[in-house]
Amino acid sequence: MKKTTVTGLEEKWEVFLVYIINLLGFIFAFMKYDYLSEDIKFHYKQSGTIWLVNIIINIATSILGGIIGTGILTYVSSCISIILFVFIIITIVKAFEGTRYEIPVISDLAKAIWK
């Protein structure tokens, strides 16, 4: 059997794993293996970008929360996290169907970051 993912799992299960644990997507996005399909590389990059966005939002919320208060910032941060989680679920379902789903802003950001 030909290995098509980093862990050796089927692509749909690897996609599930990297979206549930976004840090893995970030780590796997740096790998330059020839045997990886373009689809799985895309999912690694998109998942890694979600992880980066969440980290940046949390850091900004922490810094700005101390300066201007945490009320509205916590609300906005929570809303963004919930929206990203819904898109993650949609992406996982689409991966199990065998299609690629690009999260609207995240996929463009991923393409710009992981050239």
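Author: Quick ground rule: contact means heavy atoms within 4.5 Å. This is a predicted model in which local features need pLDDT of at least 70, side-chain atom pairs count only at pLDDT 80 or more, and totals for chains, interfaces and linings use all residues.

Reader: How many helices does the protein chain have?

Author: Helices (H or I, at least four residues) and strands (E, at least two) are DSSP runs, numbered from the N terminus. From that end the elements run α-α-α-α-α. The strand count is 0, and the helix count is 5.

Reader: Is His43 buried or exposed?

Author: His43 sits in helix α3, residues 38-68. Leaving aside residues up to four places away in sequence, it touches Val15, Val18, Tyr19, Thr91 and Arg100. The classes go by relative accessible area with a 1.4 Å probe, protein chains only: under 20% is buried, over 50% exposed, in between partly exposed. His43 has 4% relative accessibility, so it counts as buried.

Reader: Which residues of α1 are buried, and what covers them?

Author: The buried ones in α1 are Glu14, Val15, Val18 and Tyr19. They span an arc of only 130 degrees around the axis (taken from the directions from the helix axis to the C-beta atoms), so they lie on the same side of α1. Their cover includes α2 (22-28), α3 and α4.

Reader: How does α1 run relative to α4, and why?

Author: The axes are lines fitted to C-alpha atoms, for helices over the stretch in contact, with angles from 0 to 180 degrees between N-to-C directions. Those of α1 (residues 11-20) and α4 (residues 71-97) come within 9 Å and cross at roughly 170 degrees. Under 35 degrees is roughly parallel, over 145 roughly antiparallel, 65 to 115 roughly perpendicular, and the rest oblique. The crossing angle therefore makes α1 relative to α4 roughly antiparallel.

Reader: And which residues of α4 make that contact?

Author: On the α1 side you'll find Lys12, Trp13, Val15, Phe16, Tyr19 and Ile20. The α4 side has Ile88, Thr91, Ile92, Ala95 and Phe96.

Note on methods
Residues numbered from 1 in each chain as written. Heavy atoms only, no water.
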